[in-house]
Amino acid sequence: MKGLATAVAAGLIFAAGAVLAQEHPQMEAAKADLEKAKSELQAAGHDYGGHRKQAIGDIDRALGQIKQGLASVEKTEKKVEHKEQRLERKDTRVEHKMENLKAREQKMEQH
């Protein structure tokens, strides 16, 4: 039981570490590119038959989707962290129970 809880906790820690270490470079790069494109479109002097305004709106929606995507990853990371903490507490409880059982066993052997 103890080994399983430890293995699961280690797996979750590894997965969370990989996600956190990555820092989502593609999403961050896309966000920066979209923000630059939006600035360029806003600075344009011509409206291009309403298409410039439509493009800016599309970029705003795309930026919103990126922000939501990053927020969902953050939420998942927090859930993983919470599960890790619960498993660590459970592992500690199991270790204490094992120690108590061993101590009882030793007492019984002495009598």
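pLDDT is the predictor's confidence in each residue, on a scale from 0 to 100. The protein chain has an average pLDDT of 84, and 80% of the residues reach at least 70.

Of its elements, helix α2 (residues 25–43) has the highest mean pLDDT, at 95, while helix α1 (residues 2–22) has the lowest, at 53. Within residues 17–21 the pLDDT falls below 50, and this stretch makes four contacts in the model beyond its near neighbours in sequence. Where pLDDT is low, the predicted coordinates should not be read in detail.

Let us move on to the pairing of α2 with α3. Their axes come within 10 Å and cross at roughly 160 degrees. Angles over 145 degrees count as roughly antiparallel, so that is how α2 and α3 are arranged relative to each other. The crossing is left-handed. On the α2 side, the residues making the contact include Met 27, Ala 30, Leu 34, Ala 37 and Leu 41. From α3, the contributors include Ala 55, Ile 56, Ile 59, Leu 63, Ile 66 and Leu 70. Charged residues take part as well, among them Glu 28, Lys 31 and Glu 35 of α2 and Asp 60 and Lys 67 of α3. Taken as a whole, the residues of this contact comprise twelve nonpolar, seven charged and two polar ones.

Leaving aside residues up to four places away in sequence, Arg 52 touches Leu 41 and Gln 42, along with Ala 44, His 46 and Asp 47.

Finally, have a look at the loops. His 24 sits in the loop between α1 and α2, and its phi is near 55 degrees, a positive value in a residue other than glycine. Tyr 48, in the loop between α2 and α3, also has a positive phi, near 55 degrees, and is likewise not a glycine.

Definitions and conventions
Residues are numbered from 1 along each chain as its sequence is written. This is a predicted model: local features need pLDDT of at least 70, side-chain atom pairs count only at pLDDT 80 or more; totals for chains, interfaces and linings use all residues. Side-chain values use heavy atoms; hydrogens and water are left out. Helices (H or I, at least four residues) and strands (E, at least two) are DSSP runs, numbered from the N terminus. Contact means heavy atoms within 4.5 Å. Axes are lines fitted to C-alpha atoms, for helices over the stretch in contact, and angles run from 0 to 180 degrees between N-to-C directions. Angles under 35 degrees count as roughly parallel, over 145 as roughly antiparallel, 65 to 115 as roughly perpendicular and the rest as oblique. A crossing is left-handed if the near helix is turned anticlockwise from the far one by less than a right angle, and right-handed if clockwise.
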